Structures are given as structure tokens and as C-alpha cells.
Amino acid sequence: MKAFQTICRHLRSVKGFSVEPAPLVNFSTSLYSCGRKKKNPYEEVDQTKYSSLVRSVLSFRGLAQTPESLFEEDCLLYGPVSKHKLSKQDKGARVPRNWFPIFNPERNDTSDPNDSSMPLKIPLQRNMIPSVTRVLQQTMTSQQVFYLERWKQRMILELGEDGFAEYTSNIFLQGKQFHEALESILSPQGNIKERDEELLKCGYIESIQHILKDVSGVRALESAVQHETLKYVGLLDCVAEYQGKLCVIDWKTSEKPKPFIQNTYDNPLQVVAYVGAINHDANYSFQVQCGLIVVAYKDGSPAHPHFMDAELCSQYWTKWLLRLEEYAEKKKNHRIQKTD
């Protein structure tokens, strides 16, 4: 040790040379002593997205769920649905095996020579031929059935069995009264009863006032049609001119907006089924080439009219023929369910 101290003194005495004590170095196993923080995976979470999800879950109690709101909820939870695009070969396969035209080539004149006559009101005959409504109900897609059943179960959870039965009964009654009031308005006699006068003040009638201004030349009201070749029947709401074009008019009620024709589900198929039937029914001398779906709202807000020209009717007619074939196939295989 003394020898070492002697060497150090000697080195200090040498000009230009100095010996300084080395700084102490601490080693630590802690990551924080190195100044590097551990990455927190929760910082990468989309806070906006999940806050919306929490609000959606918390606000569910007490709200009536519909197929549309449930679809939006699924999009929030799982993202948008990725739909498979059909190839040209797949699209070509979706062609009716037995094609039948929607328009009757033997009826070229769409005008009615008896404009001053009473609108037709042919009663519906109950027989073994399926109705348009029955065909559509029995050929719903699995997705349609799923959403409808889920909406029903959610409504039952909210309202109970009896409450849901009362709710559906009220919806049916409102629709029936709405159609009765429309029949009184559009009938040439203008025979409006006291009960109808009250209905005229309801929100649904107020909702369609701007539509009624463009409706004229009523040819049929609550009248039955039958397609002799394709074997189906139906009860149409109205045949009249809308903005100068003869249409099958279907009046619908809704508690929520349906601004696009896609929001009306199978209603376009119902309309074209009536169009095709009336054009080949011997009880009607005129031909219809257009359709109109009018969605009226209970709160009185302006109704949405969905006009269907001849081209659009032809597109939906192809889909209707496919549904008819599907119904016939199910009936053949004894897979048709009983309905009320």
C-alpha cells in the first residue's frame, strides 16, 4: 500500500499528468433507473369508440329495440358486415326458371275510358291460392327471420308477453283505421263518418297531406287481384295517378323514418306482385306500369314517397318470381308453416 501511495505522489509531480478519482457507478436492476418507461397497452385503446359503447349499453334500459337499432348495435360491437359480392356467374344463376312478364302486351293503353266511374272494389275470395303476404312471410331469408325474432324477444323482455300482444294489436288497429280513413278521403262520394273525422286529425293523415295533393284519378280501392297463371292473390290498397302516372299505391305506417326504399324491406315486392297481377286480371281493363310506397308517420312529420318506375318494377319483379319459386319448392317439400 505504501508503495502504491509513493507511485501516486510521483505521478502527481510529473508535469501535465493528473490523477482524479473515478466517479462511483451504481448498477440497478430496476428499469426505471435507466429512464425508460414500460409501455402501457391501455394507452392504445380507442377511448372514443368505447365511451360510445358504454353510453350505448347504459342507455339500453327502457328503449324499444328494433331490427334497425340492433343492426347499428352489432356494427358498433363487431364492425360493419362484410358482404360477399356475387360473381357474374352467381348473378346469372339467380334467374327464375319460369319467366313471366310483369306487363301485359295485349294492354297497351294505360288510360281508363271510364274516368268518371266508381273505383273498383272487388272483394277478396278465400281459396287455396296463396296470398302475396303469405308468400313473402314463408320465404323470408334466415337473416330476416333472425332479426325479426330477436326484436320480438327484446320487446317481450321490455313489455312482457301481454304488453307485447297489446302493442302489436294497437299497431294493427292503427293501420286498419288509417286505411279506412284513406278510403273515405279517396272515395268519390266523400262519405266521411264522425269516427273518420276524428281519424282525419291523426298524425298519419297529417303526414300524407303533401302526397294526397298529387293523387288523382282513383281506379281501385281496397280491391282484390288474382294472377291466374302464377297462382297468387292479393288485396291492394289503391290504384290511382300520382303526378300523372298510374300507380299501384301501398300506404304504410311507421314510427321511425324510412327515407330510402331499402328501408321498406319487402314492400317493393308486394307492390310489383300487385302490378303483375292487375295487368293479367280480367277484372281490370287497364294496365299499370308504376308503383308507389308511401310511408306515413305517427307524429305527423312529412311522409316519404318511394316512386317505382317501370324499370325498377321490372327489377323487383324478377325477385318476386324467385320468391314464388322458393315458396312452391317449400310447399312441395312440405316445409310451409301454418300462419294465422
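Leaving aside neighbours within four places in sequence, Tyr232 is in contact with Ile129, Pro130, Val132, Val225, Gln226, His227, Ala273, Gly276, Ala277, Trp317, Trp320 and Leu324, contact meaning heavy atoms within 4.5 Å. The model is a predicted one, in which local features need pLDDT of at least 70 and side-chain atom pairs count only at pLDDT 80 or more, whereas totals for chains, interfaces and linings use all residues. Residues are numbered from 1 along each chain as its sequence is written, and side-chain values use heavy atoms, with hydrogens and water left out.

Tyr232 also belongs to the largest nonpolar core, which has 34 residues; together with Val239, Val272, Ile278, Val288, Met308 and Trp320, Tyr232 touches the most other members. A nonpolar core is a set of buried Ala, Val, Leu, Ile, Met, Phe, Trp, Tyr and Cys residues joined through side-chain atoms within 4.5 Å; buried denotes under 20% relative accessible area, exposed over 50%, and partly exposed the range in between (1.4 Å probe, protein chains only). At least two residues of this core come from each of α5 (132-138), β1 (215-227), β2 (232-242), β3 (245-254), α10 (267-279), β4 and α11 (310-332). These elements are DSSP runs numbered from the N terminus (helices, H or I, at least four residues; strands, E, at least two). The most is given by α10, with 8 residues. Apart from this core lies another, of 23 residues, including Ala181, Ile205, Val218 and Cys290.

The feature "active site" is placed by UniProt, in an unreviewed entry, at Asp237, Asp250 and Lys252; UniProt positions are given in the numbering used here, feature names are shortened, and annotations may be inferred rather than shown by experiment. The three positions span 16 residues in sequence, yet no two of their C-alpha atoms are more than 9.8 Å apart, so they gather at one spot. Asp250 is found in strand β3 and is buried, with a relative accessible area of 3%. Beyond its neighbours within four places in sequence, Asp250 is in contact with Asp237, Gln270, Val271, Leu292, Ile293 and Val294.

Strands β4 (residues 290-297) and β5 (residues 304-308) run antiparallel and are joined by 5 bridges, pairing being assigned if DSSP finds at least two bridges between two strands. Val295 has His304 of β5 as its bridge partner. Of the 6 residues between the strands of this hairpin, Gly300 takes a positive phi near 85°.

A search of the whole structure finds 0 disulfides, a disulfide being a pair of cysteine sulfur atoms within 2.5 Å. For Cys247, the nearest cysteine sulfur, that of Cys290, is 4.9 Å away.
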